[in-house]
Amino acid sequence: SKGGLDAKNAAGIGITNQRETCLIWDKKTGEPVYNAIVWQCRRTSDFCEDLKKRGLADTVRSKTGLVIDAYFSGTKLRWFLENVPGLRTRAEKGEVMAGTIDTWILYKLTGEWKTDYTNASRTLLYNIEKKSWDDDLLKLLQVPQAILPEVQASRSKFGTTRNVPGLPDGVPVLSIAGDQQAALFGQLCVKPGQAKNTYGTGCFLLFQTGSKFLISKSGLLTTLAVDEKGGVSYALEGSVFIGGAVIQWLRDFMKFFGNARETEDILRAIKDDEDHVVFVPAFAGLGAPHWDMQARGAVFGLTRDTDPARITRAALKSIALQSLDLVRAMEKDTGERLPSLRVDGG
């Protein structure tokens with residue numbers, strides 16, 4: 001609209017998405033069989049704890065670079081198959097398709113059923129060393145490979161538009177990358193040693209390691225990323241589940257202020273530097289480097305003169321302190337001090 005253009009002028013389409021949010025849909029009608037399950041959902045926590053008790057954490061980590069956590073989509077797909085009546089039978093007959101949101105959008109635009117390396121690497125089902133769906137993990141989570149999409153490089157041709165209202169047929173989809181890997185690439189962190197942190201609903205710090213497959217000893221994830229040519233590389237990642245969402249909570253649920261922008265003025269109005277209030281925003285458990293699915297939010301150090309302003313200050317500090325945990329973990333894993341950090345996010 002700003003450029004005086006319309007859809008027929010599009011040279012290509014790129015897709016980015018919440019990586020772990022997933023759904024299953026009917027192969028004939030394209031209709032979802034159930035609501036999508038979002039990345040923050042904890043409904044599979046008990047199943048994840050059971051896998052850990054069975055001593056499977058190291059096996060899963062060596063194949064996927066991930067910890068066993070309800071965050072990732074593999075256990076969500078299993079939940080669909082176990083809880084939607086008749087779905088497992090339909091899956092075994094090849095009547096349904098599964099995918100993360102990029103796969104769903106691509107399917108609706110083009111009819112193709114594909115994903116990219118970065119999204120596949122967040123499923124707990126994909127072997128990031130062999131670059132293939134892993135038979136052992138599929139069996140462990142009881143997810144048939146027949147419902148999973150084809151995987152290809154982030155910069156490659158995924159298909160062309162067809163029968164999409166408002167779009168001409170034939171516009172190519174030329175790239176797909178999960179949101180945080182897209183941010184890493186967008187911040188030009190394509191060489192080993194470069195890192196970015198995205199401050200959004202959560203905070204996600206990614207450190208590019210190039211061709212080096214490094215398993216973290218400090219509570220970080222290893223994930224597939226995008227190199228400077230749009231191919232596949234590796235990265236270390238620290239995931240903070242609640243970043244900006246803690247400010248949203250103070251605004252919408254506690255009614256401490258009407259607009260997130262007000263928080264800066266609220267902090268500037270505090271006259272003293274004494275700070276005994278600590279806010280742990282574990283509303284969806286704690287992510288890296290702790291990985292505690294059962295943790296819940298808490299505020300410590302309250303006294304009679306603790307007011308909304310001081311709790312707001314502690315909430316903002318919690319975003320910084322959680323991010324600092326990730327930086328320290330990355331420096332420990334790599335043996336290097338981070339020279340700079342590129343940042344983005346809403």
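A: A residue is called buried here if its relative accessible area is under 20%, exposed if over 50%, and partly exposed in between. The model is a predicted one.

A search of the whole structure gives 18 aromatic pairs. One of them joins Trp-39 and Phe-204: the ring centres are 5.7 Å apart and the planes stand at 70°, so this pair counts as edge-to-face. Planes over 60 degrees apart are what that term requires. Trp-39 belongs to the loop between strand E2 (22–26) and helix H1 (45–53), while Phe-204 belongs to strand E11 (residues 203–210), so the pair ties together parts that are 165 residues apart in sequence. Phe-204 has a relative accessibility of 6%, so this residue is buried. Trp-39, at 8%, is buried as well.

Phe-241 and Trp-291 make another edge-to-face pair, with 5.9 Å from centre to centre and 70° between the planes. Phe-241 lies in the loop between strand E13 (232–240) and helix H9 (245–252), and Trp-291 lies in the loop between strand E14 (278–280) and strand E15 (298–300), so this pair ties together parts that are 50 residues apart in sequence. Phe-241 is buried, with a relative accessible area of 3%, and Trp-291 is buried at 9%. The two pairs belong to one aromatic cluster, formed by Trp-39, Tyr-71, Phe-72, Phe-204, Phe-241 and Trp-291.

Next comes helix H3, which spans residues 73–83. H3 is mostly covered, with nine of its eleven residues buried. These are Ser-73, Gly-74, Thr-75, Lys-76, Leu-77, Arg-78, Trp-79, Phe-80 and Leu-81. They pack against E2, H1, helix H4 (87–92), strand E3 (96–100) and helix H7 (135–141). Ser-73 has a relative accessibility of 1%, so this residue counts as buried. Leaving aside residues up to four places away in sequence, Ser-73 touches Arg-19, Glu-20, Cys-22, Thr-100, Arg-122 and Thr-123.

Two arginines lie over aromatic faces here. Arg-78 sits over the face of Phe-47, 3.8 Å from the ring centre. Arg-43 sits over the face of Trp-79, 4.5 Å from the ring centre.

Two packed helices are described by the angle between their axes and the distance between the axes. For H9 and helix H11 (residues 308–334), the angle is about 160° and the axes are 9 Å apart. The two helices are therefore roughly antiparallel to each other, and their crossing is right-handed. On the H9 side the contact involves Val-246, Ile-247 and Leu-250; on the H11 side these meet Ile-311, Thr-312, Ala-315, Leu-316, Ser-318 and Ile-319.

Trp-291 is buried, whereas Pro-289 is partly exposed, with a relative accessible area of 24%. Leaving aside residues up to four places away in sequence, Pro-289 touches Ser-218, Gly-219, Asp-325 and Leu-326. Pro-289 and Asp-265 are 24 residues apart in sequence, and their C-alpha atoms are 32 Å apart in space.

Definitions and conventions: Residues numbered from 1 in each chain as written. Predicted model: local features only at pLDDT ≥ 70, side-chain atom pairs only at ≥ 80, totals over all residues. Heavy atoms only, no water. Phe/Tyr/Trp six-rings, centres within 6.5 Å; stacked < 30°, edge-to-face > 60°. Helix = DSSP H or I, 4+ residues; strand = E, 2+ residues; numbered from the N terminus. Buried < 20%, exposed > 50% of the residue type's maximum accessible area, 1.4 Å probe, protein only. Lys NZ or Arg CZ within 6 Å of the ring centre and 35° of its normal. Axes fitted to C-alpha atoms, helices over the stretch in contact; angles between N-to-C directions. Parallel < 35°, antiparallel > 145°, perpendicular 65-115°, else oblique. Left-handed = near helix turned anticlockwise from the far one by under 90°. Contact = heavy atoms within 4.5 Å.
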